[in-house]
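Hi everyone, thanks for making time. I'd like to walk you through a structure, so let's get it up on the screen.

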Amino acid sequence: MEKLLEMAAARGCKAEVFSIREKSVSMGKVNGAVNAVSASIQSGVSLRILKNGKLGTAFTKNLRNREELLSNALSSLDAGVEALYDFPAAGSVSFTEDYDESVEEMSFPDVKRNIEQLEGLFGKMKQGILEASSGCGTTELRIVNTSGADLKQKDSSVYSSGYMIYPGTSTGLRNVFAGTGAVEIFHPDVKRTVDFFNDSLPEVEIGDSRMKVLIPPEPMYAITWRLGAAASAKAFYEKVSPLYSKMNEQVFSPLISLVSDPGAGRMERRVFDDEGIKTSAFPVFENGVFTNVYNNLDYASKLGAEPSGTGFRGGMWGGEKVSLSPAPSLSYARIATGSSTFEDMLGMMDRGVIVYGALGAHSGNILNGDLSIGLNPGLYVENGKIVGRVKDGMMAGNIYEMLSKAIAVENKPHYTGSMYENPCILLDDISVVGS
Amino acid sequence: MLTRLKELISEADADYTDIRYEVKKETAVSMAGPELKKADSNSTDGFVVRALKNGGFSSVTVTREEDVPEAVMLAVQGASAMSGCGKIVSLSSVKAVNDWVEPDLKGDPAHVSLSEKIALVKKYNDLMLSQPEIANTNVNYSEVDREKFFVSSEGAAIRERVCTVSIGGEVVARRGDLTQNIRAAIGGANGMADLYNREDVFLQKAKLAKELLYAEPVKGGTYDVVINPGLTGVFIHEAFGHFSEADIIEDNPPLREKMALEAKIGSDAVTIIADTGIPDQVGFYVYDDEGVRVKETPLMVKGVLKGRLHSRRTAAEFNEPVTGHSVAEDHRFEPIVRMGTIYLEKGELTLKELLKRMGNGLYLCDGKGGQTSGENFTFGAQYGYVVKNGEVLGMIRDINIMGNLFTTMKNIEAMDNSMVLSERGGCGKGQMNIKSGYGGPSTLIRSMVIGGA
């Protein structure tokens, strides 16, 4: 890495090298039979160079030829992409608090054992198919730059997942448990999910009407995608954000806050972003008020703002980190917890739907906040009790209007397999369309 | 390289082993509004090893050649760990092929400079930006050039180059706080020729984005609809196509029963073909990523299921013919069952006659992403129109469609006599498949659930 920096500097360039190496092992079972076994060892290097206010980029998976990588970056530099920033002098950091060395030695027998531990907890499923899976892996990440930054991070993770699928469908309810070195399964969560699954086996036709909608953590990404698109420095710089003239205004219910906090959580935390900026708790919406635009180095410089530590490599669907440029990202944003228990919120639902999965969350006018998703599944609730699951249902509206109708936020977050944890939120008077 | 790959798997202690090595060259140009945001050309490579042993099957992906021996060992260990755990895997037998395939490109992008590609993107981008009420654009050039080398312990040795190019993105119109966007995409697997002289496409998209500012949000409910060819393609891909991928239903006995060959699940009007071998289409390839030559596969004929898309593993599991549809995104992934080009056969009516036949309903146009989950599907339409007595009236927006495969296939009533195949793919079934081509005519479907504001 250092050699690459030297070579770039010799060509009169400032430079940054981002490198990553990932190892993983996984296994899946369907109704007790192993159906998938795989492993992966992947690495990659990404080079960014700056010269005369221009940016050059290049990447490779195999760093066999440094000259070729630098040559690609210099060709890119000639294209003339404007860059008005410098790489940060972030010092030296080595973050290994979320790394458990024992994961390096884990292999197929370990994940197989994890699956077997989980399977027994789903024994009370009355019908349907159980998909159980487990995996483990490690990630080593390093960023060095010509401003003197040398930032290292090493993580490990182990997960187990149980997915109960309704008979004759491919949709169902899931529990995911994860840790940095071992999976700690919280039995009450599994019991509740199994009870919900059994109670929602009958399909119900509910017609078209407005009702309460409870959004659990699983489909919360559909909301954060839309809030993220509008609050991004990119949308502000391009003057296309629907929040453009609404800084410090109340844009939805005071019950809802959204905070980007890559350093929080139980695993895979980040103390620096993918450009080497120190991360911190960064409130984007506080008590329903739009408070901050989040950025990366590029858009911070364009808007004359301080970098917010939210420049990450990745898109809506993830992607190959080394090939993607850092962009403003709310990958680590969470809805702040509220004061209601889940049982309280369920009891508030005289008639409503719990949306456990969103089908088509990437469709529609995301920037504008339009949200029209299939309920996949939607559990139908009457008088605080689950009485079935909705047949061919959709919920639709605009998230700013929807979140204005928030009436409760759960008092604890749940892990759902993505990097962030979220609580449930309860919305009132939402348009639900069913067959 | 093929000889080297044979050596790398020669010592594998397995009943079957294969290895795929790929060099993936990517060129990307991105513009956001008037600014160039990215322009680079890069190359990555990597290996995928698969092993079958005693009925267990496993795959391992690695980046570096020095890790391949470990990958072979892990693949055999993984297969052994699966062996005896309830599922016995076998691979459908195929002829081991030795071949080298080069695409017949009309303008090889490898011979076009980066600056020329930037100029082309800038031309289309600036054209849209200059239109009235257009606030922003995001336009990208994408070139993915994969050189694939496949070797199996059965003696297959195949080299194939697959090159896909596109220019696409979105144009954003703004009026006050309201923004509306329309997507554009041109390209294919045919080289640079598909990218030149396409100004009309981008002008039309900018015009539609502006018109959407004055459109009414659709009211949620159940409607009869005519969907245009762009949307028919997305519909066939999402609603039916994924269900014809054998691995989707493999471990779900009730769904396998519903999708048994010869089952009548569609109306007499519906004939659906998977034909990845159509030259010049975005989905085109000759061999899949386990060395099987792709073949035309009728999936549904007059509403009756006639075929299914398979890998060697699923073909053996279902005891059905191999089709050559086991495809990986790139060297980071094992192959899984994927669609190439899939389309709905056209009918005999004109579009005007089709709208007249519908009477009252919605005319919905062009896809805006979709997703499927078992028999349920959803997809967005970029724009649409209210139709009364067969006459196309006011424009509508914010349209998402939800349905159930088995209900909807029986509600397809008629098609017009047009046929349009997509120029760009992009299906995210665990991995991204940029070669998922689709298309068809305009299609009349009764009683679709539409989610609106």
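**A quick tour**

Okay, let's start in chain B: B:Ser244 sits in the loop between α5 (229-241) and α6 (246-249) of that chain. Keep in mind that this is a predicted model. So is B:Ser244 buried or exposed? It counts as buried, because it has 25 C-beta neighbours inside 10 Å, and 20 or more is what you need for that. Who's around it? Setting aside neighbours within four places in sequence, B:Ser244 is in contact with B:Leu299, B:Arg308 and B:Leu309. There's also B:Arg338, which is 94 residues away in sequence, yet 9.4 Å from B:Ser244 in space, C-alpha to C-alpha.

Now over to chain A. Where they touch, 36 residues of domain 1 are in contact with 29 residues of domain 2. On the domain 1 side, that comes to 21 nonpolar, 12 polar and 3 charged residues.

Last stop, the two chains together. Here 63 residues of chain A are in contact with 72 residues of chain B. Which element gives the largest share of the chain A side? That's β2(A), with 10 residues. By class, the chain A side has 22 nonpolar, 33 polar and 8 charged residues.

Technical notes. Residues are numbered from 1 along each chain as its sequence is written. Chains are lettered from A and ligands numbered from 1 in the order in which they are written. This is a predicted model: local features need pLDDT of at least 70, side-chain atom pairs count only at pLDDT 80 or more; totals for chains, interfaces and linings use all residues. Two residues are in contact if their C-beta atoms, placed from the backbone, lie within 7 Å. Ala, Val, Leu, Ile, Met, Phe, Trp, Tyr, Cys and Pro count as nonpolar, Asp, Glu, Lys and Arg as charged, and the others, Gly among them, as polar. Helices (H or I, at least four residues) and strands (E, at least two) are DSSP runs, numbered from the N terminus. A residue is buried if 20 or more other C-beta atoms lie within 10 Å of its own, exposed if 12 or fewer, and partly exposed in between; C-beta atoms are placed from the backbone.
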